[in-house]
Amino acid sequence: SVISFQHLNKIESMVNDAIKYGGKILCGGKRPDAEWAKNGAFYEPTVITGLSQTCSTIQEEIFGPVVTIQSFKNDEEALALANGVRYGLASCIWTSNLERAHTFAQAIESGIVWVNSWMVRDLNTPFGGIKHSGVGREGGVHSLEYFSEAKNIYIHLPRPVPPAGTITGPKKLSDITNISSKTNNIIDVSA
């Protein structure tokens, strides 16, 4: 099932656009006829060929069980097709040539590249898109930065600040245990 009936309608619309622009449905392309699927937002896994690069089914993120297949004559054309979209969340490379896989993985404009696999993800690794697929990364230590907001605070002190190395108090940030951004506590570590 997809996330909602509204999203199901979007998927159907994009597949219908593909057909309208000359796409050939190799399989799927409709809601399942089964009794169990009648009340759910289900769509059959769909494979489409024969589309131009400008078709919305290729250009948009569908987030549904739809894949398009495009042929290419050489590596340069394959890379141009892969990068010729405004989104870049994830991509897959299927090859038995590891050197070629590395070359393509570096050149593809995508936040994550799977080689000979799909949807394998360790939650400790960064995940996120580029271009119109978003900014920032979720997962691992990258999440801390993504879900944090840096703040620069300047305080003018009416008295001279002691030279570096002469400040008394905690020696490192982990020694300060009573800072709370929720209560706006301020600790003077120069005393």
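Trainee: Is Q53 buried or exposed?

Mentor: Burial is judged by relative accessible area with a 1.4 Å probe and protein chains only: under 20% is buried, over 50% exposed, and in between partly exposed. Q53 has a relative accessibility of 19%, so Q53 counts as buried. This is a predicted model, in which local features need pLDDT of at least 70 and side-chain atom pairs pLDDT 80 or more, while totals for chains, interfaces and linings use all residues. Residues are numbered from 1 along each chain as its sequence is written, and side-chain values use heavy atoms, with hydrogens and water left out.

Trainee: Where is Q53 found, and which residues does Q53 touch?

Mentor: Q53 belongs to the loop between β2 (46-49) and α2. Helices (H or I, at least four residues) and strands (E, at least two) are DSSP runs numbered from the N terminus. A contact means heavy atoms within 4.5 Å. Setting aside residues up to four places away in sequence, Q53 touches I58, Q59, Q70, A80, L81, G84 and V85. A polar atom of the Q53 side chain also lies 3.0 Å from the backbone oxygen of L81. A polar contact is a pair of N or O atoms within 3.5 Å; within protein, one must be able to donate a hydrogen and the other to accept it, and residues adjacent in sequence count only if both atoms are side-chain atoms.

Trainee: Which residues of α3 are buried?

Mentor: They are A78, L81 and N83. The buried residues of α3 pack against α4 and β7 (130-131). At the start of α3, the backbone nitrogen of E76 is within 3.2 Å of a side-chain oxygen of N74.

Trainee: How should I read I62, and which residues is I62 in contact with?

Mentor: I62 lies in the loop between α2 and β3 and is buried, with a relative accessible area of 9%. Beyond its neighbours within four places in sequence, I62 is in contact with H7, K10, I11, M14 and T57. I62 and I11 are 51 residues apart along the chain, yet their C-alpha atoms are separated by 6.5 Å. H7, in helix α1 (residues 5-20), is buried at 14% relative accessible area. A polar atom of the H7 side chain lies 3.0 Å from the backbone oxygen of I62.

Trainee: How many aromatic pairs does a search of the whole structure find?

Mentor: Rings of Phe, Tyr and Trp (its six-membered ring) pair if their centres lie within 6.5 Å; planes under 30 degrees apart are stacked, over 60 edge-to-face, and the rest tilted. The search finds one pair. The ring centres of W36 and F42 are 5.0 Å apart and their planes stand at 85°, so the pair is edge-to-face. W36 is exposed at 61%, whereas F42 is partly exposed at 22%.

Trainee: What lines the largest pocket?

Mentor: A pocket is an open set of points on a 1 Å grid over the protein atoms alone, where a 1.4 Å probe fits, with protein on both sides within 12 Å along at least five of seven lines; lining residues have an atom within 4 Å of a point. Its volume is the space filled by probe spheres set on the points, which are joined across faces, edges and corners. Here the largest pocket holds about 1700 Å³. Its lining has 38 residues, and the closest to its centre are V67, T68, A90, S91 and C92.
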